Amino acid sequence: TQQRVLDCREGRVLFSGGYGSGKTRIGAEASTILSIENPGCASIVVSPTNQMLTRTTRLALREALPRELIRRERLSDRAIDLINGSTIYYGSADNPGSLEGTNLAWAWIDEASLVTKEASNIVNGRVRVGDRPQVWKTFTPKGRNWCWEEYERDATGDESDPMHPLYRVK
């Protein structure tokens, strides 16, 4: 299942699963792949809170990124510069306005159901450069929140069908 997710080339990718199903790891792996595929482009990794960012998401990203790809990490800018000219910014959705201002080739929102719809929309709107812009969202299903409203409620038919509103991999 995780390999199917990594192979997905759709503009929006959603990976929903329970605790310990590898959502954060798959997001970090996808971040590495997308950074390599989009040389010279900026991207962003977003967690719902600063605490989640420092305790899980950023750690997973650093584990997935091979050291030889990293040129430097700028902690004050919350950015990782890669040797191919790509920059991965990382931040939290605590203050949605802080996510504005950068044109991105891709984005990954970890635990998307815990960020506000406003923050998600801001990130979606920033992804607009590169050969294949992509937005990845990983989340744990927890009732009828905005993710359920947007992605689960109206999902019908074959989820692998490119005409489906959102390509999802279970």
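How many nonpolar, polar and charged residues are in the lining of the largest pocket? I found five nonpolar, four polar and three charged ones; Ala, Val, Leu, Ile, Met, Phe, Trp, Tyr, Cys and Pro count as nonpolar, Asp, Glu, Lys and Arg as charged, and the others, Gly among them, as polar.

A note on the source: this is a predicted model, where local features need pLDDT of at least 70, side-chain atom pairs count only at pLDDT 80 or more, and totals for chains, interfaces and linings use all residues. Residues are numbered from 1 along each chain as its sequence is written, and side-chain values use heavy atoms, leaving out hydrogens and water.

**Pocket.** I looked up the lining next, and it includes Asp77, Arg78, Glu100 and Leu104. Strand E5 (residues 87-92) gives the most to this lining, with four residues; strands are DSSP runs (E, at least two residues) and helices likewise (H or I, at least four), numbered from the N terminus.

**Helix H2.** I checked residues 23-37 and noted 15 residues in H2.

**Ile36.** I placed Ile36 in helix H2. Leaving aside residues up to four places away in sequence, Ile36 touches Leu69 and Asn84, contact meaning heavy atoms within 4.5 Å. I also looked at Ser86, 50 residues from Ile36 along the chain, and their C-alpha atoms are separated by 7.8 Å.

Definitions and conventions:
Expected span 1.5 Å × (residues − 1). 1 Å grid on protein atoms, 1.4 Å probe; cavity = no way out; pocket = protein on both sides within 12 Å on 5 of 7 lines; lining within 4 Å.
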